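Please find below some notes for a colleague who is opening this structure for the first time. They are set out as numbered points, to be read alongside the model.

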Amino acid sequence: MPAWHRVCVVLCLCLVMVLAGCSSTGSGKVEAGYYRVQAGDTLNKIARQHNTSVSALMRLNNLSNPDRISKGQLLRVDGSGGAASTGSTSETTSSRTSGTRAPAASSSSSAAVVRGLKLVWPAEGTLTQRYNGNSSKGLTIVNKAGTPIKAAAAGSVVYAGNRLRGYGNLVIVQHSGDFLSIYAHNSKLLVKEGQKVSQGQQIAEMGNTDRKGPGLYFELRHRGQPVDPSAALPPR
């Protein structure tokens, strides 16, 4: 793999494993949409209590490790609210990526970035969550377990595994034009790292790894930054 490809992969993985969450150790009333971690809590337990997924909580709170939450930490559990409160960080600076993390592109700027890009839908099913550039950096498609997951565009598989907590069995495909697509929560992976795939080729089966119920979390990134894939997808 060329050196610039390896750099792109590392950047992608760093961005998928978002920065460590911040904690607040204070007590008192917690506003709607937030939850203060109690002794014995796990992120999985909190996700079940609030009818959401571990990966959603990780995205909302910029958590890089679902096992590293602490008593008193304030977590955002409702994507319709504002940004989570910050306090003293529970992670060291070594857990952060170098440089400043780029914000997600707005829908209008995303449309300009993906102009000319033609994608196919990565799965059949019900679209339950769209990209909004804030609480959702991608799309969520829900269907029955085993539903085929397809490559949205031709490219090369740069990651296929389950080492990134919160995303379950995950596939990342690199495309031309500095684009990457991400397919999370699969039950079964049908491709390997380094494998070339064609547009529409099945790469996985829908599942519920690190998610409550079968579904696909799909994300499109341009130069490491999440962008809205809607303008490049056929009408639905």
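1. Arg221 counts as buried in this predicted model, since its relative accessibility is 4% and the cut-off for buried is under 20%. Its side chain meets that of Glu219 in a salt bridge, with 2.5 Å from N to O, and Glu219 is likewise buried, having a relative accessible area of 3%.

2. The structure holds 5 salt bridges, and another of them joins the side chains of Asp67 and Arg165 at 2.9 Å, N to O. This pair links distant parts of the chain, 98 residues apart, with Asp67 in the loop between H3 and E2 and Arg165 in the loop between strands E6 and E7. Asp67 is exposed at 51% relative accessibility, whereas Arg165 is partly exposed at 43%.

3. Arg223 and Asp178 also meet through their side chains in a salt bridge, at 3.1 Å from N to O. Arg223 sits in the loop between E12 and E13 and Asp178 in the loop between E7 and E8, so the pair ties together parts that are 45 residues apart in sequence.

4. Helix H3, residues 54-61, has 8 of its 8 residues buried and is therefore largely enclosed by the rest of the structure. Its buried residues pack against helix H2 and strands E2, E3, E8 and E12, and just after the helix Asn62 takes a positive phi of about 55°.

5. His185, which is placed in strand E8, is buried with a relative accessible area of 2%. Its contacts include Ser55, Asp210 and Tyr217, and a polar atom of the His185 side chain lies 3.5 Å from the backbone oxygen of Asp210.

Terms used. Residues are numbered from 1 along each chain as its sequence is written. This is a predicted model: local features need pLDDT of at least 70, side-chain atom pairs count only at pLDDT 80 or more; totals for chains, interfaces and linings use all residues. Side-chain values use heavy atoms; hydrogens and water are left out. Buried means under 20% relative accessible area, exposed over 50%, partly exposed in between (1.4 Å probe, protein chains only). Helices (H or I, at least four residues) and strands (E, at least two) are DSSP runs, numbered from the N terminus. Contact means heavy atoms within 4.5 Å. A polar contact is a pair of N or O atoms within 3.5 Å; within protein, one must be able to donate a hydrogen and the other to accept it, and residues adjacent in sequence count only if both atoms are side-chain atoms. A salt bridge is a side-chain nitrogen of Lys or Arg within 4 Å of a carboxyl oxygen of Asp or Glu. Lists of a residue's contacts leave out its neighbours within four places in sequence.
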